[in-house]
Amino acid sequence: MRVVLDTNVLISALLHDRSLPFQLVALWRQGRIVLLTSDEQLDEMRRVTRYPKIRARLNPAVAGRLVNELKQVATVIEDLPEVSISPDPWDNYLLATVEAGKADLLVTGDKADLLHLERHAGARIVTVRQCLKLVTGAEPST
């Protein structure tokens with residue numbers, strides 16, 4: 001299954017090692033999903049993990065390791081198409097990654113701008129809990 005994880009999901013996985021987002025990243029590390037990313041997302045990860053509010057809760061080395069792991073192990077999608085569907089223009093690169101990477105799922109916690117779209121370019125837009133259930137076949141527990 002080809003999956004794009006919203007940056008908010010990746011940051012949540014770093015902040016909470018018993019969270020549902022952490023379980024999803026673990027499935028990627030186990031090879032149970034193919035994680036798609038883009039240079040735009042890697043840049044956003046670097047930027048967001050430098051915010052004082054995040055830095056206060058997250059060791060910069062841990063964040064740096066995840067960015068490096070994404071660069072080395074995830075499938076980095078290049079040449080993203082122009083997409084302008086999301087009410088939040090900063091989320092359009094995620095939809096473009098879905099489209100160019102032929103993703104099956106976009107996983108997000110963004111109720112206001114992404115989840116309400118439900119689908120894009122053939123991919124379902126789902127919550128972390130929904131994704132875990134689709135991948136494992138079981139209801140996730142925290």
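Start by selecting Lys102, which sits in the loop between α6 (92-101) and β4, where helices (H or I, at least four residues) and strands (E, at least two) are DSSP runs numbered from the N terminus. Although Lys102 is not a glycine, its phi is positive, at about 50°. Lys102 is exposed, with a relative accessible area of 62%; exposed means over 50%, buried under 20%, and partly exposed in between, with a 1.4 Å probe and protein chains only.

Before going on, note that this is a predicted model, in which local features need pLDDT of at least 70 and side-chain atom pairs count only at pLDDT 80 or more, while totals for chains, interfaces and linings use all residues. Residues are numbered from 1 along each chain as its sequence is written, and side-chain values use heavy atoms, with hydrogens and water left out.

Next, select Glu118, in the loop between β4 and β5 (119-120). Glu118 has a positive phi of about 70° without being a glycine, and at 56% relative accessibility Glu118 counts as exposed.

Now move to Ser19, in the loop between α1 and α2. Is Ser19 buried or exposed? At 13% relative accessibility, Ser19 counts as buried. Its side chain reaches the backbone oxygen of His16 at 2.7 Å, and, with residues up to four places away in sequence not counted, Ser19 touches Ser12 and Ala13, a contact being heavy atoms within 4.5 Å.

Centre the view on Leu24 and, leaving aside neighbours within four places in sequence, look for its contacts with Leu5, Val9, Ile33, Val107, Val128, Cys131 and Leu132.

Finish at the lining of the largest pocket, to which α1 gives the largest share, five residues. By class, this lining has seven nonpolar, three polar and five charged residues; here Ala, Val, Leu, Ile, Met, Phe, Trp, Tyr, Cys and Pro count as nonpolar, Asp, Glu, Lys and Arg as charged, and the others, Gly among them, as polar.

Technical notes. Polar contact = N/O pair within 3.5 Å; in protein donor to acceptor, adjacent residues only side chain to side chain.
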